[in-house]
Amino acid sequence: EKDKSTTSKGSTAEEASKRKEGTAETPKQKLLDIIGNMKVEVSYRKKLQELKASENKKQDTNRQEGPDSAGPQRTAEGIQRGKPLNPELVKAASAVASSLPLNKKQTESELLAQLRRHEETTDKQKKGETINISNVISEMTVKKQSPAQRAARISGRISLELDDDGQRIRPERFSSQSFDSRRSLKVGKRLNIFTKASTEPEHALKTVSSPTIWDLEFAKEIAAITAQPPRNGFEEMIQWTKEGILWEFPIDNEVGMDDGAEFHEHIFLDKHLEGFPKDGPIRHFMELVICGLSKNPYLSVKQKIEHIEWFEKYFEEKKKLLQEI
Amino acid sequence: MAAAALGWALRAARQVLPSPCPGQVRSYYVDWRMLRDVKRRRLAYEYADERLRINAIRKNTILPKELQEVADKEIAALPRDSCPSRIRNRCVLTSRPRGVRRRWRLSRIVFRHFADHAQVSGVQRAMW
């Protein structure tokens, strides 16, 4: 294969090689000049070109048969396409192609084809006519409004009566509230902000073996090295939340409490005070006790109830003494 | 109650089966003082709640004084060893009552011995 290709393009290769050997510096210089003259806007294209050039190199080493026949076809296609390429880019492409040691014509044609593709995509993006948006639009359907709701909406727009608060009086709507925001409230993926996150990702991760201590230490090291100081207030707050300085919102009253009992059972202990007299110093004392217990995160609910019951028993035993007073 | 306490003390003084761990294997308490300290700790743990509650009655200004006096007498009636202030933080290995570092529960001499042999984690000779 290689012999055939070399013999068929012996003349051009020889010429190219002669040119290369004789004036090895001028094409490179030409390339450098062209690239240096280009503006910043086009630098991205240069990078792409270089990338494509390296890709082409690899492609060329792989296949040697196809390009021979595809070369002239591609040039014909290139001529047929209406969009003219930037002459500077064309010059750059030719310079790049000449600097490469392989078939000059074929690389040049490929580079130009790719340039054309880039132009098309950038133009599309500028116009905003990419395929993605059209897909999205086609999927969307038109919502049908009932005439009653339409009338209500129109009447709402017309009447601009203001309340004492300054809010607009709207006629009572029951089902139209869902249409107020133009999308119904129940459609769409749930964000799980106000409910505890589902445990699905945990199941997915359980298949992997649990990380060893060394893995965790390594991960911590990497995190410590790559940690940048916070750029704004949000990042600072994120860091504080990770450290535990800031609570997570929406506030979960049972963070760190694995007792099994709800938080309200810890705090609202008034119902256990039924055995005590409603007036007097004992009630006062017991209310203070309950206040202290509600702030205690270390005792369980059972222990707190036992505490209160002990006091009940104690005061029962001392009833005689108390009545003497 | 007395029999149980005696049985417990005997059990404490008895020999424990040698466990397959390297280093020192201690079968007895180092001395009787350490044993007494262990008893005090156990009793203090048992009576901790009651002492707390009786003290809560004693140390407030709301309840009538007569009630507080009765509470005084009650707390004095509890066993003397149930008081937490009687606990002495002795060295765990030598039962030395003084010079004990709380973090390691060791007396200064034992601590120095182990630190020099590099058997205390994270401890190094200071040099600055």
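Chain A exposes about 26,200 Å² in this predicted model. Carbon and sulfur atoms supply 56% of that area. Of the 325 residues of chain A, 19% count as buried. The secondary structure is helical: 17 helices and zero strands. Take the contacts in chain A with a separation of 6 or more. Residues 24 or more positions apart make up 62% of them.

Now turn to the partner chain. Chain A and chain B bury about 1,300 Å² between them. Of this buried area, 80% lies on carbon and sulfur atoms. Three residues stand out on the chain A side. Phe285(A), Trp310(A) and Tyr314(A) supply 38% of the area that chain A buries against chain B, more than any other three residues. The contact draws 15 residues from chain A and 15 residues from chain B.

Next come the polar terms. The rule finds two residue pairs in polar contact across the interface of chain A and chain B, both at pLDDT 80 or more. The salt-bridge count between the two chains is one. Lys318(A) and Glu74(B) form a salt bridge through their side chains, with an N to O distance of 2.6 Å.

Which elements of chain A build its side of the interface? The largest share comes from α16(A), with six residues. By class, this side of chain A has eleven nonpolar, two polar and two charged residues.

Is Asn60(B) buried or exposed? Its relative accessible area is 15%. The cut-off for buried is under 20%, so Asn60(B) counts as buried.

What does Asn60(B) touch, leaving out residues up to four places away in sequence? The answer is Phe285(A) and Gln68(B). Phe285(A) belongs to the trio that supplies 38% of the area chain A buries against chain B. The side chain of Asn60(B) also has a partner in its own chain. It reaches the backbone oxygen of Ala56(B) at 2.8 Å.

Key. Residues numbered from 1 in each chain as written. Chains lettered and ligands numbered in written order. Predicted model: local features only at pLDDT ≥ 70, side-chain atom pairs only at ≥ 80, totals over all residues. Heavy atoms only, no water. Contact = heavy atoms within 4.5 Å. Buried area = accessible area lost by both parts, 1.4 Å probe. Salt bridge = Lys/Arg side-chain N within 4 Å of Asp/Glu carboxyl O. Polar contact = N/O pair within 3.5 Å; in protein donor to acceptor, adjacent residues only side chain to side chain. Helix = DSSP H or I, 4+ residues; strand = E, 2+ residues; numbered from the N terminus. Nonpolar A, V, L, I, M, F, W, Y, C, P; charged D, E, K, R; others polar. Buried < 20%, exposed > 50% of the residue type's maximum accessible area, 1.4 Å probe, protein only. Areas by Shrake-Rupley, 256 points an atom, 1.4 Å probe, with all protein chains shown as cover.
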